[in-house]
Amino acid sequence: MSPLIQGLLTILIGVGGCVGYFWASNVVLDKVVFPAKGPNIGRNINRANAVRPWLFMLPALAALGLYLVYPVFGSFWRSLFNRSGADFIGLGNYSLLMQDGEFRTALFNNFLWVLVVPALSTFLGLLVAQLTDKLRWGNIAKSLIFMPMAISFVGASLIWKFVYAVDPEIGIINAMRDAMGFAPLDPLQVGFWNNFFLMVILVWIQTGFAMVILSAALRGIPDETVEAAIIDGASPAQIFFRIKIPQIMGTIVVVWTTITILVLKVFDIVYTMTGGNFGTQILPSYMMEYMFRDDGRATAVAFVIMIIVLPVMVWNIVQARREVR
Amino acid sequence: MANLKLTDVGKTYGGKVEVLKDIDLDIETGELVVFVGPSGCGKSTLLRMIAGLEKISSGTLEIDGQVVNDMPPSQRGIAMVFQSYALYPHMTVRENMAFALKIAKMSRAEIDEAVNAAAEKLQLTDYLDRLPKALSGGQRQRVAIGRAVVRKPKVYLFDEPLSNLDAALRVATRIEIAQLKEAMPDSTMVYVTHDQVEAMTLATRIVVLANKGIAQVGTPLDLYERPNGEFVAQFIGSPAMNLMAGEIVGTGEVTTLKLDEGGGTITSVVPSRPEDKGARVNVGIRPEDMVATEGDDYAFAGTVDIVEALGEVTLLYFELPKAETDSNTVIAKLNGIHSGIRGRTLRLTADPSKVHVFRNGVSLLYR
């Protein structure tokens, strides 16, 4: 069967199956289980209405359970076994991780990423949002800054590989060094700092995201509160920090935590740029590295990442819900 | 504390769209001046120009004898109360009121004293540590007023402060503002509203704005009793003053007028000159000044078209078949309840002292 027909069939069966499920289950509920007739008609209608939401949510709940909830417990269970899955080794994988210097480097680097990238992206996004707010060409500036959002992490990494290229004919950094008479060097091999050169790529991508959300939040601030502050004698800086920022604090936290969660998941940049070499390893790329020569520890790493992400995610969701209200 | 003087003040946007021009106004110390006018007449813009939130395109604005055109709002000695309250949502009531004083780097003790005094005056003491969202609309507006009071401004500016409140609260807060004004007899206040009752009850003087300028300035009763033109006559008072086309048939100390429609003659205490005889005019009579009469000496006879019984008063609507005035409805407001009156033909007249005469839109009193 040609892949095209196969694809079309999949879509038809998938969408048709969904529609069919909702329609058929609804009919069964209303006509067979709790029919809207007979002596108990009122009670039947009420019961059908109480059951209906659960009926409609069932497929989603089942899918989430199968693909999200089960894997969490499954992974944890799996991480307690060796590579073949035959021998139960308890926390053996975790103790191996703790002893591995590369894992500790990855943990430390990840900590740096979480510290720097969300803060810098949010700060720059806020700065751009505020500075472009009243400008006539502000929207053009914003579009340009937003553009990297549309580039995949691997694509962005390739672009920055050119920026960091050792050949002064290609890499802008070495071109500048060359112009100033310095010998070329590979920025990605400069110990410790190379981590930050990699972070720049993600900041470059995520600033646009932060800017768009925060720009909308800034516009949502009532003009009158700003005018009241002007009359109260506040300077532009005081208005920004004491009137505007506190009013959009909820949004800032949501942006911050959203980027934090993303940072904990990103492996493409490190994988593409350095492959985790030169002391740039982070947890996701470390996990990828062990996935195919696993002694069972990749699942353990996955679980460690989940444990780290979990509190940030909870905070993120709590904040986002509060914003909606 | 301070007087306010506007000389030839004008406002244009982008050098093209003119919204206000040639505004001349003297506001004395201790006055409460109310700006009223139809929506879009620029009354809020004028207030914002006094506040310094809008640039003054032309003319000068003086506060306390000092030209403040280019002075930032905070140095003009003004405080403003906004329609939407404009409270800082992340600050408690106390912080809201203290903000301006903190910016001005006053000492903790001074700030506490000023805030507590204002809270006392506005019955906000129990709410000082609450956030604005935990307050009712009336309380929020009191906080907004408190935020103005603590700064001890020379001039208070109110931009439709009661418009966001429901009817009952509006009355209560209106009385509070009147009491506040009484407690601070030296403070000058400028108040923008579209609500006539607020204007009539609060104002020392009312400024009616229309057509980019000032239509008339005067005490509330001045404007009610002696409007200088048809616009003010119809703007002040509700329902609006009836205007009926007619002709001057007798001149002198009193003027005798004949109405085109449904009418006999009526006299007005407005004097006229001999050459006015035969002039086309509009005769203005307020609905509440219309009196039903049985006699032959009536100004207007018409068939009652619609009756609105409000209990306290009854509004009668008369349709004029082919009137030359803008509105072809004449309204009479009679005291008490009048039932079974619809469809009947009534004769109406008015006391000569209540009859206004307008020629080309201008009152004969002001020519």
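Is B:Lys105 buried or exposed, going by its C-beta neighbours inside 10 Å? Hello everyone, let me start there. B:Lys105 counts as exposed, because it has 8 C-beta neighbours inside 10 Å. For the cut-offs: a residue is buried if 20 or more other C-beta atoms lie within 10 Å of its own, exposed if 12 or fewer, and partly exposed in between, with C-beta atoms placed from the backbone.

Before going on, a word on the model. It is predicted, so local features need pLDDT of at least 70 and side-chain atom pairs count only at pLDDT 80 or more, while totals for chains, interfaces and linings use all residues. Residues are numbered from 1 along each chain as its sequence is written, and chains are lettered from A and ligands numbered from 1 in the order in which they are written.

Back to our lysine. B:Lys105 sits in the loop between H2 and helix H3 (108–121) of chain B, and has a positive phi of about 60° although it is not a glycine. Helices (H or I, at least four residues) and strands (E, at least two) are DSSP runs here, numbered from the N terminus. As background, most residues other than glycine have a negative phi, and most peptide bonds are trans. Chain A has a case of its own: phi of A:Phe192 is near 65°, and this residue lies in the loop between helix H7 (172–179) and helix H8 (193–219) of chain A. A:Phe192 counts as exposed because it has 11 C-beta neighbours inside 10 Å.

Now chain B as a whole. Its secondary structure comes to 8 helices and 21 strands, and its C-alpha trace spans about 75 × 45 × 35 Å along the principal axes. Of its 367 residues, 41% count as buried. The domain assignment, which is automatic or taken from a database, gives domain 1 (4–234) and domain 2 (239–366). The centres of the two domains of chain B, taken over C-alpha atoms, are 38 Å apart. Their contact takes 7 residues from domain 1 and 12 residues from domain 2; contact means C-beta atoms, placed from the backbone, within 7 Å. The peptide bond from B:Ser238 to B:Pro239 is cis, with omega near -5°.

UniProt, in an unreviewed entry, annotates residues 4–236 of chain B as "domain: ABC transporter". Its positions are given in the numbering used here, feature names are shortened, and annotations may be inferred rather than shown by experiment. Over that span the chain is 36% helix and 26% strand.

Next, the strands. An open sheet of 4 strands in chain B has the order E2-E1-E4-E5, with antiparallel pairing. Two strands pair if DSSP finds at least two bridges between them. Strand E2 (17–27) and strand E5 (66–67) of chain B stand at the edges, each with a single partner strand, so one side of each has no neighbour in the sheet. Strand E1 (residues 4–13) of chain B is joined to E2(B) by 7 bridges, and B:Lys11 has B:Leu20 as its bridge partner in E2(B). Further along, 3 bridges join strand E14 (residues 280–285) of chain B to strand E20 (residues 356–359) of chain B, again antiparallel. There B:Gly284 is partnered with B:His356.

What about the nonpolar cores? A core is a set of buried Ala, Val, Leu, Ile, Met, Phe, Trp, Tyr and Cys residues joined through C-beta atoms within 7 Å. The largest one has 106 residues, and B:Val190 is one of those touching the most other members. Helix H2 (residues 93–103) of chain B gives the largest share of this core, 6 residues. Leaving aside neighbours within four places in sequence, B:Val190 is in contact with residues including B:Phe35, B:Ile50 and B:Leu157. Apart from this core lies another, of 46 residues, among them A:Leu126 and A:Val255.

Finally, the two chains together. Here 14 residues of chain A are in contact with 17 residues of chain B. On the side of chain A, helix H9 (223–231) and helix H10 (236–247) are the elements that give two or more residues, and H9(A) provides the largest share, 6 residues.

Technical notes:
Two residues are in contact if their C-beta atoms, placed from the backbone, lie within 7 Å.
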